[in-house]
Amino acid sequence: MECKMEELEPSELGTHDYWNDRYEKEISNYLAHGDAGEIWFGDDIVDRILRWLCKTPEIEKDSSFVDLGCGNGMFLIELSNEGYTNLLGVDYSQKAVELSRKIANEKGYNISYKRADILEGLKCTFKVIHDKGTYDAISLSENARDNRQKYIVNVHNMMSEDSFFIITSCNWTQVELMEHFKEHFQMYQVIPTPTFKFGGKEGSVVSICVFKKL
Ligand SMILES: C[S@@+](CC[C@H](N)C(=O)[O-])C[C@H]1O[C@@H](n2cnc3c(N)ncnc32)[C@H](O)[C@@H]1O
């Protein structure tokens with residue numbers, strides 16, 4: 001099925017300033033109340049991804065992971081709790097990196113974080129590349145079409161033949177994600193999420209797709 005490649009209306013969620021300001025506030029909140037901040041899309045989505053990882057024998061506890069747009073780093077903390085040891089979080093917001101480092105260091109986790117803009121690329125390959133909500137944010141930027149294309153090429157360059165790319169989106173359906181990524185990726189698996197029915201059609205609020213490189 002051909003799907004429309006219409007872009008989303010740009011919003012502040014597609015800007016660096018929005019995220020830096022937000023994480024600056026979250027740092028104050030964390031220091032004052034110990035609250036790590038939002039788990040995007042909720043704990044259930046994180047649990048679904050963790051269950052899928054644990055059931056995938058090709059992914060070992062010391063496989064290399066990168067979390068693109070790691071935010072407060074809580075996804076990597078959950079991975080560490082499951083016994084995964086080779087964990088890197090990157091975010092283009094220096095404040096997000098500060099927050100995630102603070103949380104991990106205080107809780108005694110051995111997780112690396114660094115500031116990096118995925119649109120500029122990362123010169124490494126990883127076994128597992130994870131994105132929860134970052135492609136969504138990039139899709140809300142000005143020049144989203146170009147930025148999405150840069151993102152897709154850069155993620156592809158970070159993968160080897162046996163890498164997995166796991167993406168969670170609330171802005172794009174599974175069909176739309178497949179359409180966006182089809183030039184460089186093949187769908188490997190869909191991680192099921194709760195569905196709803198409306199007007200006889202079934203849909204999901206959040207899509208989780210696992211891709212491999214073509
Ligand atoms: C919706 S939040 C999701 C945060 C985190 N993945 C989570 O699930 O809690 C989007 C994140 O993407 C980051 N981000 C947006 N564009 C980015 C880019 N070009 N490079 C790296 N990080 C980016 C933002 O700073 C923000 O932390």
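A residue is called buried when its relative accessible area is under 20%, exposed when that area is over 50%, and partly exposed in between, using a 1.4 Å probe and protein chains only. N143 counts as exposed because its relative accessibility is 56%. N143 lies in the loop between helix 5 (134-138) and helix 6 (144-157). Helices here are DSSP runs of H or I with at least four residues, strands are runs of E with at least two, and both are numbered from the N terminus. N143 is not a glycine, yet it has a positive phi of about 55°.

This is a predicted model, in which local features need pLDDT of at least 70 and side-chain atom pairs count only at pLDDT 80 or more, while totals for chains, interfaces and linings use all residues. Residues are numbered from 1 along each chain as its sequence is written, and side-chain values use heavy atoms, with hydrogens and water left out.

Begin with the annotation. An unreviewed UniProt entry places the feature "domain: Methyltransferase" at residues 60-190. UniProt positions are given in the numbering used here, feature names are shortened, and annotations may be inferred rather than shown by experiment. Over residues 60-190 the chain is 37% helix and 30% strand. The end C-alpha atoms of this stretch are 20 Å apart.

E60 sits in the loop between helix 2 and strand 1. E60 is partly exposed, because its relative accessible area is 47%. N81 is 21 residues away from E60 along the chain, and their C-alpha atoms are separated by 14 Å.

Next comes strand 1, residues 64-68. Of its 5 residues, 5 are buried. In a regular strand the side chains alternate between the two faces of the sheet. Both faces of strand 1 are covered. S64, V66 and L68 are buried on one side, and F65 and D67 are buried on the other.

Strand 1 has partners. Two strands pair if DSSP finds at least two bridges between them. Strand 1 pairs with strand 2 (86-91) in the parallel sense, over 5 bridges. L68 has V90 of strand 2 as its bridge partner. Strand 1 also runs parallel to strand 4 (residues 126-132), joined by 4 bridges. There, L68 stands opposite D131.

Follow strand 2 onward. It runs parallel to strand 3 (residues 112-115), and 4 bridges join the two. D91 stands opposite R115 in strand 3. The chain crosses from strand 2 through helix 4 to strand 3 in a right-handed β-α-β crossover. Right-handed means that, with the strands pointing away from the viewer, the path from the first strand over the helix to the second runs clockwise. Strand 1, helix 3 and strand 2 also make a right-handed β-α-β unit.

What lies in the loop between strand 2 and helix 4? S93 is found there. S93 counts as buried because its relative accessibility is 0%. A polar contact of 2.7 Å joins the side chains of S93 and N20. Such a contact is a pair of N or O atoms within 3.5 Å; within protein, one must be able to donate a hydrogen and the other to accept it, and residues adjacent in sequence count only if both atoms are side-chain atoms. Leaving aside neighbours within four places in sequence, S93 is in contact (heavy atoms within 4.5 Å) with H16, W19, N20, Y23 and R115.

Now look inside. In soluble globular proteins, nonpolar side chains tend to be buried together. A nonpolar core is a set of buried Ala, Val, Leu, Ile, Met, Phe, Trp, Tyr and Cys residues joined through side-chain atoms within 4.5 Å. The largest such core has 37 residues, and W52, L53, I59, F65, L79 and I166 have the most contacts inside it. Elements that each supply at least two residues of this core include helix 1 (16-33), helix 2 (43-54) and strand 5 (159-169). Helix 2 gives the largest share, 6 residues. Beyond its neighbours within four places in sequence, L53 is in contact with I59, F65, L79, Y84, V128 and I166. Apart from this core lies another, of 24 residues, among them I118, L122, M159 and F211.

Two stops remain. In helix 7 (residues 174-181), L177, E179, H180 and F181 are buried. The buried residues of helix 7 pack against helix 5, helix 6, strand 5, strand 6 (185-191) and strand 9. F41 is found in the loop between helix 1 and helix 2. Its phi is positive, near 70°, in a residue other than glycine. F41 counts as partly exposed because its relative accessibility is 22%.
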